[in-house]
Amino acid sequence: MKDFLWLIPTLPFLGACILIISGNANLPRRAVSIVGCGSVGAAAILTIVIMIDFLTTGQIPEYTVIVNWFSVDNLSVPIALHLDTLSLVFVFVITFVGFLIHVYSIEFMHHDESFARFFAYLNLFVSAMLMLVLADSLILMYLGWEGVGLCSYLLIGFWYEEEKNGYAARKAFIITRIGDTALAVGLFMLFAELGTLRIQDILTLAPQQWATGSTTPVTICLLLLGGAVGKSAQFPLQTWLPDAMAGPSPVSALIHAATMVTAGVYLIARMNGLYVLAPQAQLWVGIVGAITLLIAGCSALTQYDLKRVLAYSTISQIGYMFLALGIGAWSSAVFHFMIHAFFKALLFLAAGAVIMALHHEHDMFKMGGLRKQMPAVFATFLIGSASLAALPLISAGFYSKDQIIWLSFASQQSNIWFFLAAVVGAFITAIYTFRMVFLTFYGEAKTSVSHMPGNLITQPLVILAVLALFAGFIELPHTFGHVTLFSDLFSTTLPPVTLRPNVESHEWIIQTSTGLLTLVGIAMAYYFYVIQPKIADDIHASTIETHRFWYAGWRFDSLYDAIIVKPILFFARVNKHDFIDKLYSALVELSEMMSALFSRSQNGILRWYIMGIVAGAVIIITFTLIITP
Amino acid sequence: MNAAIADQALMLAGILFVLGLISVLIRRNIIFMLISVEIMLNAAGLAFIAAGARWGQPDGQVMFVFILTMAAAEVSVGLALILQIYHQLKTLDSDAADKMHG
């Protein structure tokens, strides 16, 4: 299987090249869809073949070199891939969910003029993302990291005719750049300290080089965390993701929910050996996650725009993953990543179908009653929501999130605040998720349905819905079932979580109470938004200030505007005629002046020249006479 | 040749040289300037001869032969240039040939 591994990132890249070169005009739409979906589909099939191979034989192609970039003396720099179970899970999600989203896009984007451009960007994104998770060295990973950032920028601003889309794209690019800079500095430090950027070498060298908790690994880990925070839209760099919803819905599903925004989770999980050496930095990962999941959850409660609710819920769920990473529950974070990719892609795609059906209406309060009009979309959206809200027992989201909540109580590295944040977050999630469901699909119809989704839209939804329901059963808690198929995958790649002594007996209490809390949240949403909508209005009116505060995403945008953007603009205005330029223009003026002065002496009159020669000779002779004793 | 005569010959050479130089500087007619340059060359030649005679060495006379040859060549080139200038400008005033000012 080793021979095929290099094809997985290469195929989507080739697809992107073909589509970019042919452009919108030269290929019929049918050919564009075949190239766009086919390349990702082939990569997905290859991934599944490798997975089956792994599951039956236990063998995994570990290391393979695509090309030798250059080799000088005894230094050789290969472009090499490294596949282990951690990257296998990511590759599976990227290619498989990516393929479904590509298929969905054929119908969703069918009337768009730039059909080929869209698929070219999507293919390029998939290729870069695969490079990111398959890279053997951090440099190659950084290439993928920047590649997905570029594609994110291109796709948020896909409809660039509208100015606000371009603004959202630039905002996403610039804010993630802050994190990327931290990541780059972290990589430089790693290279300066260890002399290598191969991930496997780093993980073996680091424990020999540094004692646990010493300053260098803590600094490096915090810098890497900075990169992860930017890419994964975590506090304090979370402000770009809600605006990124300006892109088409499939883009939100693929990039801003399922794959790219979880690159930070991948980075930290991949570097687990470093974080084990830096417990302080790991604590900060957890703190960032806990803060983010709460503030994003609160913001999601107050949004009107369907896609913005989903955006904030994405930030919040990635907060859960960071929390899990922070308490050392590595495989739980990856498990939640996978389940989240299924149900959040499903929710975004279903939301896209709803928005398309309602003439691009985004406001949930203008929707309603779609339950009967769009039954297929309703059913799949409900399953996705159940998974997001972690509806006990029947949804996949329950098993992944419950594991994180339980470990935030039981893990050695956790504390009571993490546990409280996780539980409160779960409650808020249940409320905002079902607020969204009830507002969109229940009540009276307020906007007429114009366009019923066809097969290419509903089939990916159904497949994802099946996964969002049943994918959780590969990992069941100790209290019932006790299936550990998923965490067994990571027995060699990720360290296990250490539990505090004597906590196992509490597990069922916590599970039951969080399950009940979710049900209470759903019931509250039902009561407020279906039975007694007046109460929701009353609460809204009485807490109008808080509501506005949360609606604006805790006013982080205004804060950054005031403390960063405004001062920079002020300085730019003051320094419009760059004062450093003055130095250089003065140099130019000086030499022009001297040139004018000396060109006067060249007057063309021969006798002046002779005079000059004589004067020069006299001066030289005089000097010689003075100097020689 | 004794030192006193050599001193006087060098003094004469210096005076000739300065006279030539001054007339190069103050004359505007190109032919006179050329003649002045010849005077300066002959002054230099006289200095060589005097110095060679003072030290009893042949080098001074060798140098004078060189200067003589060089002066002949210079005069031929110089006269050709003067003819051209006169042809172009219809005057021998060197200040009229100031086309190449900066």
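**Entry 1: residues 63-83 of chain B**

I began with residues 63-83 of chain B in this predicted model. I found that this span is 100% helix and 0% strand, with its end C-alpha atoms 30 Å apart. I then consulted the UniProt record, an unreviewed entry, which places the feature "transmembrane region" at residues 6-26, 31-51 and 63-83 of chain B. I next looked up residues 6-26 of chain B and noted 100% helix and 0% strand there. The end C-alpha atoms of residues 6-26 lie 30 Å apart.

**Entry 2: confidence**

I checked the scores of the prediction. For chain B I read a mean pLDDT of 90, and 98% of the residues of chain B reach 70 or more. The model as a whole scores ipTM 0.86 and pTM 0.79.

**Entry 3: annotated domains of chain A**

I turned to chain A and its UniProt annotations. The record, an unreviewed entry, gives "domain: NADH-Ubiquinone oxidoreductase (complex I) chain 5 N-terminal" for residues 69-119 of chain A. Over residues 69-119 I noted 57% helix and 24% strand, and the end C-alpha atoms of this stretch are 29 Å apart. UniProt also lists, again from an unreviewed entry, "domain: NADH:quinone oxidoreductase/Mrp antiporter transmembrane" at residues 135-429 of chain A. Over residues 135-429 of chain A I recorded 77% helix and 0% strand, with the end C-alpha atoms 34 Å apart.

**Entry 4: helices α1 and α2 of chain A**

I asked how helix α1 (residues 7-26) and helix α2 (residues 29-57) of chain A pack. Their axes are 8 Å apart and form an angle of about 175°. Angles over 145 degrees count as roughly antiparallel, and α1(A) and α2(A) are therefore roughly antiparallel to each other. I then listed residues that meet across this pair. On the side of α1(A) they include Leu7(A), Ile8(A), Leu11(A) and Pro12(A); on the side of α2(A) they include Val32(A), Val35(A), Gly36(A) and Ser39(A). Sorted by class, the contact of α1(A) with α2(A) holds 13 nonpolar and four polar residues, and no charged residues.

**Entry 5: where chain A touches chain B**

How many residues does each chain bring to the contact? I counted ten residues from chain A and ten residues from chain B. Helix α27 (residues 606-627) of chain A gives the most to the side of chain A that touches chain B, with five residues. I also noted the classes on this side of chain A: five residues are nonpolar, four are polar and one is charged.

Terms used: Residues numbered from 1 in each chain as written. Chains lettered and ligands numbered in written order. Predicted model: local features only at pLDDT ≥ 70, side-chain atom pairs only at ≥ 80, totals over all residues. Contact = placed C-beta atoms within 7 Å. Helix = DSSP H or I, 4+ residues; strand = E, 2+ residues; numbered from the N terminus. Nonpolar A, V, L, I, M, F, W, Y, C, P; charged D, E, K, R; others polar. Axes fitted to C-alpha atoms, helices over the stretch in contact; angles between N-to-C directions. Parallel < 35°, antiparallel > 145°, perpendicular 65-115°, else oblique. pLDDT = per-residue confidence, 0-100. UniProt positions renumbered as here; feature names shortened; annotations may be inferred.
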